[in-house]
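Here are a few exercises to work through with the model open beside you. Try each task before you read its solution.

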Amino acid sequence: MSGASTESWDRVLVNARVATMAGSAADRYGLIEHAAVAISGRTIAWVGSMDRLPATGAELHDCEGRLVTPGLIDCHTHLVYGGNRANEFEERLNGVSYAEISARGGGIAATVAATRAASDEELLASARRRLDCLLAEGVTTVEVKSGYGLDTGSELKMLRVARALQADRPVDVVTSFLGAHAVPPEFANRPDEYVSLVCDEMLPAVAEAGLADAVDGFCETIAFSPAQIARVFEAARALGLPVKLHAEQLSNQGGAALAARFGALSADHLEYLDDQGVAAMADAGTVAVLLPGAFYYLRERQLPPVAALRAAGVPIAVATDLNPGTSPVHSLLAIMNMTCVLFSLTPAEALAAVTANAARALGLADRGRIEPGLQADLAIWNVQAPGELSYALGCNPCATVIKRGEFARGVIEGRS
């Protein structure tokens, strides 16, 4: 695959097995054996088999047969929050009901209180620790939502912290404003008034500050109705912000079809998605983001309709949903395994779900595949076959990460 002139190449990875994730239906990995990848500045300049590699004076880095994939993308996280809810996890396993925990100020209310009380510096320090777990496993792009502030100042604070994460970490952070996550205590029994605050005050403030790349919401019986979410989406549309939605996690509220009507980038969770919702997502090009971590922690039994999504051609992404209550999962590799075991995705589908399809779920056309002209975000693994990335739990085979063309973790010695 040709690209920029070899004179502009800075480095070339050689003797690699490259899963381009740009393959055909017959080869979902787009695997090139005995391959090379050339990098020019921040972008991929060339990829192909070694026997077609042009002569170049660029520095060569011998991968010694290792697997190279696009950098992984975690397209749904709640990475920034105060406190944790490990005590509630233990209480539930000792027989205390979630209703009882919530009645005494636990659940999401506890996270909201802790997040509101935390300083920017405290939130940033804790979020960095969580982010570092993801980065160690080859993640090069991560989405981070607000939604634990639930007032204007605290939501802005969360988004500021999310943006700040990329200042000293080799990662791109994509932010989503999730003001319509839950009704805060001060608006108890007044959800419409809170939605008005989200639409009339929070969203304009977030947009003016340039802190959000998209607007999210939670459409569920315990959160917001389709009519309320539609108000939020109309406000987002007026401000030129794309939308996405937590939908059909616990019941079928028609949220995915609503999201598709607004041209949503993604609809996420989807355990109770029906055929109408699948068809609407397919027509709109909305990505299905599956979140097996929450399914696992909540001990759910209702499986998302993977076969129907496949049949309709809806792209499937997966993500950690890293959050303190229902998915304290800090490993995207573990999520790939869980998606295969719990939701019956194939390993090829799982890798596409954290690369090409995850990029699409974030509206990013410049990454997720290894092709000339795309951003040089790459992960190099101590494995032979790409299916191994979904196979094992509890080990991390990531040897090297390249972010925007530069070595970010681990270095393969070069030679001219």
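**Exercise 1: the core.** How many residues does the largest nonpolar core have, and which of them have the most contacts inside it?

*Solution.* First, the ground rules: this is a predicted model, where local features need pLDDT of at least 70 and side-chain atom pairs count only at pLDDT 80 or more, while totals for chains, interfaces and linings use all residues. Residues are numbered from 1 along each chain as its sequence is written, and side-chain values use heavy atoms, with hydrogens and water left out.

Next, the term: a nonpolar core is a set of buried Ala, Val, Leu, Ile, Met, Phe, Trp, Tyr and Cys residues joined through side-chain atoms within 4.5 Å. Buried means under 20% relative accessible area, exposed over 50%, and partly exposed in between (1.4 Å probe, protein chains only).

Now the count: the largest core has 98 residues, and Val80, Phe177, Val232 and Trp381 have the most contacts inside it. Helix H6 (residues 191-209) supplies the largest share of this core, eight residues. Another core, of 17 residues, lies apart from it and includes Ile44, Val68, Leu378 and Ile412.

**Exercise 2: H6 and H7.** At roughly what angle do the axes of H6 and helix H7 (residues 226-238) cross?

*Solution.* Start with the terms. Helices (H or I, at least four residues) and strands (E, at least two) are DSSP runs, numbered from the N terminus. Axes are lines fitted to C-alpha atoms, for helices over the stretch in contact, and angles run from 0 to 180 degrees between N-to-C directions.

The two axes come within 10 Å and cross at roughly 10°, so H6 is roughly parallel to H7. The cut-offs are under 35 degrees for roughly parallel, over 145 for roughly antiparallel and 65 to 115 for roughly perpendicular, with the rest oblique.

Then list the contact (heavy atoms within 4.5 Å): H6 brings Pro191, Asp192, Val195, Ser196, Val198, Cys199 and Leu203, and H7 brings Gln228, Arg231, Val232, Ala235 and Ala236. These split into eight nonpolar, two polar and two charged. Here Ala, Val, Leu, Ile, Met, Phe, Trp, Tyr, Cys and Pro count as nonpolar, Asp, Glu, Lys and Arg as charged, and the others, Gly among them, as polar.

**Exercise 3: H3 and H5.** Are helix H3 and helix H5 roughly parallel or roughly perpendicular to each other?

*Solution.* The axes of H3 (residues 108-117) and H5 (residues 152-164) come within 10 Å and cross at roughly 75°, so the pair is roughly perpendicular. Thr115, Arg116 and Ala117 of H3 meet Ser154, Lys157 and Met158 of H5. That gives two nonpolar, two polar and two charged residues.

**Exercise 4: two single residues.** Is glutamate 143 buried or exposed?

*Solution.* Glutamate 143 sits in strand S7 (residues 139-145) and is buried, with a relative accessible area of 0%. Leaving aside neighbours within four places in sequence, its contacts include Asp74, His76 and Lys244.

**Exercise 5: the whole chain.** What percentage of the 416 residues is buried?

*Solution.* Buried residues make up 56%. For the inventory, count 14 helices and 17 strands.
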